[in-house]
Amino acid sequence: MMRAVVMDEAPTLQELPVIEMARPMPGFPEDQRFALVHLDDAGVLGALRSLDHEGLQFLVVPAVQFFPSYAPEIEDDLVAELGIVSADDVLVLLIVHAGESLASTTVNLRAPLVVNTITRRAAQVILEDGSLAVAAPLVA
Amino acid sequence: MLVLSRRVGESVVVGDEVTITVLEVRGDVVRVGIAAPRSVSVHRAELLAELATENQSSASPSEDAVASLTQALRERR
């Protein structure tokens with residue numbers, strides 16, 4: 001049974017000192033622990049910093065701030081793996097591929113980062129929908 | 001890599017919980033069915049490769065790139 005996670009309001013990024021990956025990120029099987037930090041004052045741009053490899057970080061944005069109708073389905077297995085009790089606890093982040101300019105900056109809509117802000121467990125989920133781009137423009 | 005030959009309708013069992021069955025062969029396309037518990041992920045290899053590449057390209061952008069993105073997002077608000 002699939003469950004759609006729907007955000008009622010637009011959460012900003014919260015800083016989380018230690019996040020554990022329940023599943024390894026594609027391409028980064030050895031990076032298990034990360035810290036989530038703000039890069040701006042508005043809680044829009046954040047950095048997911050590896051605690052296992054100094055210097056490794058990913059830029060992230062809360063999906064709902066740029067794609068308000070984006071509602072990735074989270075399967076029961078993932079709900080259990082992340083210990084999700086309420087949709088309110090879930091922060092959906094998109095990994096940003098910074099370009100030369102804002103216009104050429106993209107995000108991965110096909111594989112969002114789903115974070116349970118209560119248990120601090122997260123996973124980069126591979127969504128079934130083939131129409132979701134791996135490199136979608138961040139802004140129109 | 002273990003190499004086996006199968007006819008349509010025949011299967012291969014991997015580990016204790018995964019069964020792969022050849023369903024149909026049409027020209028150069030082989031249709032394969034995979035029975036696995038929900039806890040075992042199944043993905044096309046090229047999709048995983050594409051995601052790994054995208055993650056690697058996105059990882060650790062330069063300070064300049066981060067600064068200019070931060071600035072551009074601030075201007076947008």
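Of the 140 residues in chain A, 38% are buried (20 or more other C-beta atoms within 10 Å of the residue's own; exposed means 12 or fewer, partly exposed in between, with C-beta atoms placed from the backbone). The model is predicted, so that local features need pLDDT of at least 70 and side-chain atom pairs count only at pLDDT 80 or more, whereas totals for chains, interfaces and linings use all residues. Residues are numbered from 1 along each chain as its sequence is written, and chains are lettered from A in the order in which they are written. The predictor assigns the complex an ipTM of 0.90 and a pTM of 0.89. For chain B, the average pLDDT (the predictor's confidence in each residue, from 0 to 100) is 95, and 99% of the residues score at least 70.

Chain A contains 2 helices and 11 strands (DSSP runs numbered from the N terminus, helices being H or I of at least four residues and strands E of at least two). Their order along the sequence is β-β-β-β-β-α-β-α-β-β-β-β-β. The C-alpha trace spans about 40 × 35 × 30 Å along its principal axes. The radius of gyration of chain A is 14 Å, which agrees with the value near 14 Å for a compact globule of 140 residues (taken over C-alpha atoms; the rule is 2.2 Å times the number of residues to the power 0.38).

Beyond its neighbours within four places in sequence, Val61(A) is in contact (C-beta atoms, placed from the backbone, within 7 Å) with residues including Val44(A), Phe66(A), Leu93(A) and Val107(A).

The contact between the chains involves 27 residues from chain A and 23 residues from chain B. On the chain B side, H1(B) gives the most, with 9 residues.

Arg120(A) belongs to the loop between strand E9 (113-116) and strand E10 (121-124) of chain A, and Ser60(B) to the loop between H1 and H2 of chain B. Arg120(A) is partly exposed because 17 other C-beta atoms lie within 10 Å.

Note on methods
Contact = placed C-beta atoms within 7 Å.
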